[in-house]
Amino acid sequence: MIGVGEAAIGFGILVALLFLGLHVATAMFLTAVLGASIYLSPALVDSLGTQLWASMEDYVLLSIPLYILLGEILVRSGSTDRLYRSLADWLNILPGGLLHTNIAASAIFSAVSGSSVATAATVATVALPSFRTRKYDERLVLGSIAAGASLGNLIPPGIALIVYGAMTNTSVGQLYAAAVVPGIVMTVLFMATIILMGLLKPDWIRQQEAQDRLAVRLRRLVDILPPLVIFAIIMGSIYSGWATVTESAALACVAALPIAALYGRLSIAMLHDCFIATATLTAMSLLILAVAFYLNFVLGLLGVTPALGAFVTGIGATPLGLILALTVFYLLLGIFFETLPMLVGTVPVVFPVIMAAGIDPVWFGVFIVLMCEISLISPPVGMTLYVIQAVRKEGTIAQVFEGTIPFFLAMVVMTALLIAFPQMATWLPKLTYG
């Protein structure tokens with residue numbers, strides 16, 4: 001058994017190792033091994049293989065590669081390009097014009113891919129050529145793409161929600177339900193930010209563009225249907241009780257195949273590329289997650305959970321005070337770390353604290369994913385910012401940083417709303433599950 005002081009030192013060692021540039025999985029493994037060797041027994045290090053194997057047996061984790069595969073199939077089928085064009089037909093009339101299409105396309109693609117980085121790469125690839133011939137301030141264009149990509153994990157079926165659910169034994173179905181309303185509100189806030197920027201800086205945005213004939217725009221509305229059908233299959237099969245989270249992901253992958261065939265893109269070569277990309281991304285993600293489970297195992301043996309619970313009870317921290325402190329903590333941590341390292345590195349330490357304070361674990365799941373998503377657009381290491389710059393292949397990363405500032409502030413406002421009105425995340429799970 002160790003106390004809060006030793007646990008804080010261990011967390012400091014983990015952060016220091018990450019700052020030194022070690023891979024996230026390596027940093028967590030070394031921290032776990034150090035704790036087990038000093039306070040328990042070196043023999044526990046030998047249990048690593050058993051723990052890694054046991055942690056990966058969780059059936060819900062199978063949904064992660066399936067959702068990655070789903071996103072790959074939809075991107076390579078050309079569905080995203082058609083979706084973007086169709087949304088642009090109707091959103092150009094709003095103040096801010098085509099910028100709203102970046103947000104809406106990201107929101108819909110997020111509802112089927114579950115990955116912020118994939119959303120950033122996809123929407124940037126489709127959107128940037130459309131803006132190069134238009135009179136928009138490039139910083140705002142880049143910022144809107146980055147902001148839209150941050151919806152990737154917040155809107156179900158976000159992969160971060162699956163990871164949080166697996167690490168804390170929280171129902172992924174309830175987490176999906178809890179994230180629906182915050183995801184919609186965040187989308188509306190981003191679009192409101194664009195409208196506000198259009199009013200404050202009208203020279204930054206081209207307000208009006210020539211529209212195709214109504215018949216043409218109505219005909220292209222059909223291109224919005226495939227992602228919506230996929231989303232309906234995922235959520236409908238889960239909440240009707242017909243399929244589990246993992247089974248719904250498999251159903252969605254199967255449903256994506258005829259869509260690719262309809263667009264003339266389905267081939268052995270296309271599927272081969274999808275499988276290779278899926279295997280690469282899955283290996284990177286699950287290695288980190290597997291080592292996080294091992295660290296969690298060591299922390300449990302060290303008695304960190306009851307020690308932190310007793311500490312919170314002893315200092316008399318209120319749930320609101322604790323959440324405000326965690327908000328500041330995650331905003332600062334997000335400047336230096338990416339989503340998955342933040343999530344898996346802090347949940348084993350933070351989750352016992354919020355449980356001891358009586359905070360709803362489902363609400364906290366949405367909160368922590370939102371805070372991790374803020375890290376994606378936080379300079380200097382926001383992952384989506386560099387993905388967008390890589391797709392852009394010109395200019396400087398500083399322009400991407402500048403463009404995200406208004407949307408970063410919108411996400412801070414969203415955090416305040418979620419804290420002030422927790423029913424935003426708890427209403428639908430209670431309605432759905434009772």
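Mentor: What follows starts at the ring cluster and then moves to the helices and loops around it. Keep in mind that the model is predicted.

A search of the whole structure turns up seven aromatic pairs. Ring pairs join Y164, F351, W363, F364 and F367 into a cluster. Start with Y164 and F351, whose ring centres are 6.2 Å apart and whose planes stand at 75 degrees, an edge-to-face pair. The two residues come from distant parts of the chain: Y164 sits in helix α9 (residues 159-168) and F351 in helix α17 (residues 339-356), 187 residues apart. Y164 and F351 are both buried.

Y164 also pairs with F364. Here the centres are 6.5 Å apart and the planes are at 50 degrees, so this pair is tilted. Y164 belongs to helix α9 and F364 to helix α18 (residues 361-376), so the pair ties together parts of the chain 200 residues apart in sequence. Like Y164, F364 is buried.

F364 leads on to the nonpolar core. The largest nonpolar core has 146 residues, and L70, M186 and F364 are the members that touch the most others. Helix α14 (residues 268-302) gives the largest share of this core, 14 residues. As a general point, nonpolar side chains in soluble globular proteins tend to be buried together. For M186, the contacts beyond four places in sequence are L151, L154, L370, A410, M411 and M414.

Now go back to helix α17, which holds F351. Its neighbour here is helix α16 (residues 319-333): the two pack at an angle of about 170 degrees, with their axes 13 Å apart. That angle makes α16 and α17 roughly antiparallel. On the α16 side the contact involves L322, L326, F329, Y330 and L333, and on the α17 side M342, T346, V350, V353 and I354. Sorted by class, the contact of α16 with α17 has nine nonpolar residues, one polar residue and no charged ones.

Helix α17 also contains G345. With a relative accessible area of 6%, G345 is buried, because buried means under 20%. Leaving out residues up to four places away in sequence, G345 touches F11, L14, M28 and L340.

Next, look at the two loops on either side of helix α9. The loop between α8 and α9 includes P157. The peptide bond that joins P156 and P157 is cis, with omega about 5 degrees. In the loop between α9 and α10 lies N169. N169 is not a glycine, yet it has a positive phi of about 55 degrees. Its relative accessibility is 73%, so N169 counts as exposed.

L99, H100, I103 and A107 make the contact from α6, and T187, F190, M191, I194 and I195 make it from α10. By class, the contact of α6 with α10 has seven nonpolar residues, two polar ones and no charged ones.

Residues from this contact turn up again around S144. S144 is placed in helix α8 (residues 138-149). Its relative accessibility is 0%, so S144 counts as buried. Setting aside residues up to four places away in sequence, S144 touches L99, N102, I103, I194 and F407. Of these, L99 and I103 belong to the α6 side of the contact and I194 to the α10 side.

A last point concerns helix α21 (residues 423-433), where L431 is found. L431 has a relative accessible area of 58% and is exposed. The C-alpha atoms of L431 and A177 are separated by 9.4 Å, while the two residues are 254 apart along the chain.

Note on methods:
Residues are numbered from 1 along each chain as its sequence is written. This is a predicted model: local features need pLDDT of at least 70, side-chain atom pairs count only at pLDDT 80 or more; totals for chains, interfaces and linings use all residues. Side-chain values use heavy atoms; hydrogens and water are left out. Contact means heavy atoms within 4.5 Å. Helices (H or I, at least four residues) and strands (E, at least two) are DSSP runs, numbered from the N terminus. Ala, Val, Leu, Ile, Met, Phe, Trp, Tyr, Cys and Pro count as nonpolar, Asp, Glu, Lys and Arg as charged, and the others, Gly among them, as polar. Rings of Phe, Tyr and Trp (its six-membered ring) pair if their centres lie within 6.5 Å; planes under 30 degrees apart count as stacked, over 60 as edge-to-face and the rest as tilted. Buried means under 20% relative accessible area, exposed over 50%, partly exposed in between (1.4 Å probe, protein chains only). A nonpolar core is a set of buried Ala, Val, Leu, Ile, Met, Phe, Trp, Tyr and Cys residues joined through side-chain atoms within 4.5 Å. Axes are lines fitted to C-alpha atoms, for helices over the stretch in contact, and angles run from 0 to 180 degrees between N-to-C directions. Angles under 35 degrees count as roughly parallel, over 145 as roughly antiparallel, 65 to 115 as roughly perpendicular and the rest as oblique.
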